[in-house]
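Subject: Structure handover

Dear colleague,

Here is the structure that I promised to pass on to you. Please open it beside this message, and then read on for what was found in it.

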Amino acid sequence: MVTYQWGIFWADLNPTKGSEQSGVRPVLVVSTEEANLSLPIVTVISLTSAKPGRKVYSIEAYLPSEISGLPKDSIAMAHQIRAVSKERLKDKCGYIGSEEYREKIRQAMMAYLDLV
């Protein structure tokens with residue numbers, strides 16, 4: 001059985017419109033495992049590579065590669081939160097096991113969704 005929450009999966013986000021994150025890219029599943037096992041969808045945050053000098057905003061969380069399991073340092077973009085079909089998920093490519101970084105991601109989501 002697949003564990004979804006806090007897992008990082010390759011996902012095909014096409015088709016998209018406007019400024020939505022597109023293409024095949026890593027996404028972080030943030031929805032509860034209870035919901036993930038009950039529904040055909042999961043809620044994800046798109047990840048992007050952390051470029052040198054790029055500012056990390058309060059609605060984002062910096063994820064070092066040693067924390068995520070990805071080959072590059074990344075940024076979890078809470079402003080790119082969306083529900084997707086599990087059919088969009090491909091291979092699992094990482095996992096956020098650190099409670100410290102899970103909390104940073106929660107704080108970014110709470111800031112973006114005005115839950116603070």
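To begin with the helix, H3 lies across E2, E3, E4, E5 and E6 and runs at about 160° to E4. Here contact means heavy atoms within 4.5 Å, and helices (H or I, at least four residues) and strands (E, at least two) are DSSP runs that are numbered from the N terminus. Axes are lines fitted to C-alpha atoms, for helices over the stretch in contact, and angles run from 0 to 180 degrees between N-to-C directions.

Before going further, please keep in mind that this is a predicted model, in which local features need pLDDT of at least 70 and side-chain atom pairs count only at pLDDT 80 or more, while totals for chains, interfaces and linings use all residues. Residues are numbered from 1 along each chain as its sequence is written, and side-chain values use heavy atoms, with hydrogens and water left out.

The sheet

The strands form an open sheet of six, in the order E4-E5-E3-E2-E1-E6, with antiparallel pairing, where two strands pair if DSSP finds at least two bridges between them. Its edge strands are E4 (60-63) and E6, each of which pairs on one side only. On average, neighbouring strands of this sheet are turned by 45° against each other, with direction ignored.

Strand E1 (residues 7-12) pairs with strand E6 (residues 89-95) in the antiparallel sense over four bridges, and within this pairing the bridge partner of Ile 8 is Gly 94 in E6. E1 is also joined to strand E2 (residues 24-29) by five bridges, again antiparallel, and there Phe 9 stands opposite Val 27. Elsewhere in the sheet, nine bridges connect strand E3 (residues 41-49) with strand E5 (residues 74-85), which pair in the antiparallel sense, and Ile 41 has Ser 85 in E5 as its bridge partner.

Ser 74

When residues up to four places away in sequence are not counted, Ser 74 touches Thr 48, Ser 49, Ala 50, Ala 61, Tyr 62 and Leu 63. The side chain of Ser 74 also reaches the backbone oxygen of Lys 72 at 3.3 Å.

Salt bridges

The structure holds four salt bridges, a salt bridge being a side-chain nitrogen of Lys or Arg within 4 Å of a carboxyl oxygen of Asp or Glu. In one of them the side chains of Glu 60 and Arg 54 meet at 2.8 Å, N to O; Glu 60 counts as buried at 7% relative accessibility, whereas Arg 54 counts as partly exposed at 32%.

In another, the side chains of Glu 99 and Arg 106 meet at 2.7 Å, N to O, with Glu 99 partly exposed at 44% relative accessibility and Arg 106 partly exposed at 26%. Glu 99, Glu 103 and Arg 106 are linked in a network of salt bridges.

Glu 100 forms a salt bridge with Lys 104, and their closest N and O atoms are 3.9 Å apart. Both residues lie in helix H3 (residues 99-112), four residues apart, which is about one turn of the helix, and Lys 104 counts as partly exposed at 37% relative accessibility.

Definitions and conventions
Buried < 20%, exposed > 50% of the residue type's maximum accessible area, 1.4 Å probe, protein only. Polar contact = N/O pair within 3.5 Å; in protein donor to acceptor, adjacent residues only side chain to side chain.
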